[in-house]
Amino acid sequence: MSAAVLNKLKAAIKKHGFSFNESQTKTTFKQLGIDSIRGFTIIMDLEDDFGVQIPEDKLKTINTPEDLINIFDELLKNK
């Protein structure tokens, strides 16, 4: 889990009015109070920040911040 992606994710979540810390990476977005529309907006923010796009089939597998971070780590490694 890269620190760069984690820090950008924390900033994006905070920007949308939610709190999040490193101990919550395995907590579902739903448990964090983030609905699917907000979650999609956060993902789009990160895609813009990193200049990559998550494939549609991978979007369906994102349930936790850890899932999202791992996908971005993989995409950035292959960039």
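Buried means under 20% relative accessible area, exposed means over 50%, and partly exposed is in between, with a 1.4 Å probe and protein chains only. This is a predicted model, in which local features need pLDDT of at least 70, side-chain atom pairs count only at pLDDT 80 or more, and totals for chains, interfaces and linings use all residues. Residues are numbered from 1 along each chain as its sequence is written, and side-chain values use heavy atoms, with hydrogens and water left out.

Q: Which residues of α2 are buried?
A: Gly39, Ile42, Ile43, Asp45, Leu46, Glu47 and Phe50 are the buried residues of α2. Helices here are DSSP runs of H or I with at least four residues, numbered from the N terminus.

Q: What do the buried residues of α2 pack against?
A: They pack against α1 (3-15), α3 (56-59) and α4 (65-77). Contact means heavy atoms within 4.5 Å.

Q: How do you know that the length of helix α2 agrees with its number of residues?
A: The expected span of a helix is 1.5 Å times one less than its number of residues. Helix α2 (residues 36-50) has 15 residues and should therefore span 21 Å, and its end C-alpha atoms are 21 Å apart, which agrees.

Q: What makes Asp35 a cap for the N-terminal end of α2?
A: A side-chain oxygen of Asp35 lies 3.2 Å from the backbone nitrogen of Ile37. A polar contact is a pair of N or O atoms within 3.5 Å; within protein, one must be able to donate a hydrogen and the other to accept it, and residues adjacent in sequence count only if both atoms are side-chain atoms. Just after α2, Gly51 takes a positive phi of about 70°.

Q: What describes two packed helices?
A: They are described by the angle between their axes and the distance between the axes. Axes are lines fitted to C-alpha atoms, for helices over the stretch in contact, and angles run from 0 to 180 degrees between N-to-C directions.

Q: Why is α2 called roughly parallel to α4?
A: Angles under 35 degrees count as roughly parallel, over 145 as roughly antiparallel, 65 to 115 as roughly perpendicular and the rest as oblique. The axes of α2 and α4 come within 12 Å and cross at roughly 25°. That angle makes α2 roughly parallel to α4. Ile43, Leu46, Glu47 and Phe50 of α2 make the contact with Leu68, Phe72 and Leu76 of α4.

Q: Why is α1 called oblique to α2?
A: The axes of α1 and α2 come within 10 Å and cross at roughly 135°. This makes α1 oblique to α2. On the α1 side, Ala4, Val5, Lys8, Leu9, Ala12, Ile13 and Lys15 meet Ile42, Asp45, Leu46, Asp49 and Phe50 in α2.

Q: Why are α1 and α4 also described by the word oblique?
A: The two helices pack at an angle of about 130°, with their axes 9 Å apart. α1 and α4 are therefore oblique to each other. Val5, Leu6 and Leu9 of α1 make the contact with Pro65, Leu68, Ile69, Phe72, Asp73 and Leu76 of α4.

Q: Which residues of α4 are buried, and what covers them?
A: Pro65, Leu68, Ile69, Ile71, Phe72 and Asp73 are buried. The cover includes α1, α2 and α3.

Q: Why is Thr25 called buried?
A: Its relative accessible area is 9%, so Thr25 counts as buried. Thr25 lies in the loop between α1 and α2. Not counting residues up to four places away in sequence, Thr25 touches Met1, Leu6, Phe20, Thr64, Pro65, Glu66 and Ile69.

Q: Why is Asn70 called partly exposed?
A: Asn70, found in helix α4, has a relative accessibility of 39% and therefore counts as partly exposed. Asn70 and Met1 are 69 residues apart in sequence, with their C-alpha atoms 6.3 Å apart in space.

Q: What makes Met44 partly exposed?
A: Met44 lies in helix α2, and its relative accessibility of 35% makes it partly exposed.

Q: Why is Glu56 called exposed?
A: Glu56, in helix α3, has a relative accessible area of 61%, so it is exposed. From C-alpha to C-alpha, Glu56 and Leu6 are 21 Å apart in space, and they are 50 residues apart in sequence.
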